[in-house]
Amino acid sequence: MRWENLTEGSAGPAALFGAGAVVTRTIDTPEFRGITFHEVRAKSIVNRVPGASRMPFEWTVNPYRGCSHACVYCFARKTHSYLDLDTGIGFDSQIVVKTNAPELLRRELGSPRWTGAHIAMGTNVDCYQRAEGRYRLMPGIIETLRDRANPFSILTKGTLILRDLPLLREAAEVTEVGISVSVGFTDAGLWRTVEPGTPSPAARLAAVRTLTDAGIECGVLMAPVIPFLGDSPEQLRATVRAVAEAGATSVTPLVLHLRPGAREWFMAWLGAHHPHLVPRYERMYAGGSYAPTWYQRRITRQVHELAAEFGIGPARRGEARRVVVPERPDDSAPAGATQLSLL
């Protein structure tokens with residue numbers, strides 16, 4: 001493992017962790033069996049999104065690396081290779097935990113260089129994966145954002161977000177809080193094979209209902225729409241109907257994309273479970289990581305038409321209220337690590 005290249009005193013240009021800061025734990029309980037946690041003390045927690053990204057925000061916070069949700073298509077798998085960790089089973093079972101994330105965020109947001117920009121969470125790996133039940137990093141993170149009245153958003157497949165509902169309500173009183181739950185389909189059979197470590201789609205939609213009933217607007221990122229497995233008109237209709245019935249304020253489709261790292265893992269899964277689809281995927285993704293534009297547009301149109309039928313619309317952004325921090329002419333934003341973007 002390349003910890004020595006990522007700690008203080010290393011020859012690498014950007015040490016991520018403090019010297020001697022990695023503690024590895026294996027916890028032999030049913031909930032965490034087979035999972036190894038690497039507890040680290042990160043040097044920075046606010047990450048800049050690459051300038052070429054199409055994301056509508058510039059900064060993210062990621063308290064974890066790797067994800068026990070084990071989604072076979074997860075685009076973030078490639079990030080594990082930076083640590084010489086396996087992007088397949090290793091990504092699902094070797095979880096890096098930034099144990100000092102809340103205190104580090106409080107320090108970075110308290111810097112006069114920070115101007116109160118929107119911070120997105122859950123866009124790399126899920127901040128409400130199972131590890132959060134043990135390490136409880138998100139309450140401190142949300143408290144810090146609340147105290148600074150710093151706008152933020154969370155994308156998750158984890159129902160554990162309901163634990164922090166009181167904090168989310170407090171934060172929403174002082175700043176913009178955007179919550180989205182990822183539900184790409186409602187097919188239980190498909191869920192069990194492609195998202196084996198996640199709560200069921202029904203459980204996630206129940207969480208959407210709980211959040212909206214509590215006054216927290218919650219949208220659904222219908223992601224991913226999986227070609228030939230979850231994209232039939234009947235499947236799209238069933239999913240959008242369920243999203244509407246859950247009280248979601250918006251539904252936004254996102255077609256499966258297969259970047260290096262994720263592509264190899266997904267195609268191996270496809271060959272084992274649906275070998276007849278391998279040639280169709282090879283043709284569809286022959287041009288790169290994304291499905292053809294015509295296909296993406298078709299799915300978007302179908303979902304938006306269904307959303308209109310069921311009385312919901314695409315995602316929207318509101319105005320953020322935040323603490324105004326005076327800028328200094330020579331100040332620059334914190335130099336956090338660059339992360340992969342969702343799109």
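Visitor: Why is the crossing of α4 and α5 called left-handed?

Guide: A crossing is left-handed if the near helix is turned anticlockwise from the far one by less than a right angle, and right-handed if it is turned clockwise. The crossing of α4 and α5 is of the left-handed kind. This is a predicted model, in which local features need pLDDT of at least 70 and side-chain atom pairs count only at pLDDT 80 or more, while totals for chains, interfaces and linings use all residues. Residues are numbered from 1 along each chain as its sequence is written, and side-chain values use heavy atoms, with hydrogens and water left out.

Visitor: What makes α4 and α5 roughly parallel?

Guide: The axes of α4 and helix α5 (residues 165-172) cross at roughly 15 degrees and come within 9 Å. Axes here are lines fitted to C-alpha atoms, for helices over the stretch in contact, with angles from 0 to 180 degrees between N-to-C directions. Angles under 35 degrees count as roughly parallel, over 145 as roughly antiparallel, 65 to 115 as roughly perpendicular and the rest as oblique. The pair α4 and α5 is therefore roughly parallel.

Visitor: Which residues make this contact between α4 and α5?

Guide: On the α4 side they are P139, I142, E143 and R146, and on the α5 side L167, L168, E170 and A171. Contact means heavy atoms within 4.5 Å. By class, the contact of α4 with α5 has five nonpolar, no polar and three charged residues. Nonpolar covers Ala, Val, Leu, Ile, Met, Phe, Trp, Tyr, Cys and Pro; charged covers Asp, Glu, Lys and Arg; the others, Gly among them, are polar.

Visitor: How do you know how α2 and α4 are oriented to each other?

Guide: Helix α2 (residues 101-109) packs against helix α4 (residues 138-147) at an angle of about 20 degrees, and their axes are 8 Å apart. By the rule for angles, α2 and α4 are therefore roughly parallel. Their crossing is right-handed.

Visitor: Which residues of α2 and α4 meet?

Guide: From α2 come A101, P102, L105, R106 and L109, and from α4 come G140, I141, E143, T144, L145 and D147. This contact of α2 with α4 divides into six nonpolar, two polar and three charged residues.

Visitor: What makes R106 buried, exposed or something in between?

Guide: Buried means under 20% relative accessible area, exposed over 50%, and partly exposed in between (1.4 Å probe, protein chains only). R106, in helix α2, has 40% relative accessibility and so counts as partly exposed. Leaving aside its neighbours within four places in sequence, R106 touches E143, T144 and D147. R106 and L145 are 39 residues apart along the chain, with their C-alpha atoms separated by 8.1 Å.

Visitor: Why does R77 count as buried?

Guide: R77 has 0% relative accessibility, so it counts as buried. Its place is in the loop between β5 (64-65) and α1 (89-93). Neighbours within four places in sequence set aside, the contacts of R77 include C71, F91, D92 and W265.

Visitor: And what makes G197 buried?

Guide: Its relative accessible area is 17%, so G197 is buried. G197 is in the loop between α6 (188-194) and α7 (201-213). Beyond four places in sequence, G197 is in contact with S68, H69 and R130. G197 and C71 are 126 residues apart in sequence, yet 7.3 Å apart in space, C-alpha to C-alpha.

Visitor: What class does F228 fall into?

Guide: With a relative accessible area of 25%, F228 is partly exposed. F228 is in the loop between β10 and α8 (233-245). F228 has a positive phi of about 70 degrees, although it is not a glycine. D84, in the loop between β5 and α1, is another residue other than glycine with a positive phi, near 60 degrees.

Visitor: What joins A223 and P224?

Guide: A cis peptide bond, with omega about -10 degrees. P224 lies in strand β10 (residues 218-225).

Visitor: How many helices and strands are there in the chain?

Guide: There are 11 helices and 11 strands. Helices (H or I, at least four residues) and strands (E, at least two) are DSSP runs, numbered from the N terminus.

Visitor: How much of the chain counts as buried?

Guide: Of its 343 residues, 54% do. The accessible surface comes to about 14800 Å², with 52% belonging to carbon and sulfur atoms; such areas come from the Shrake-Rupley method with a 1.4 Å probe, and for residues only the protein chains shown count as cover.
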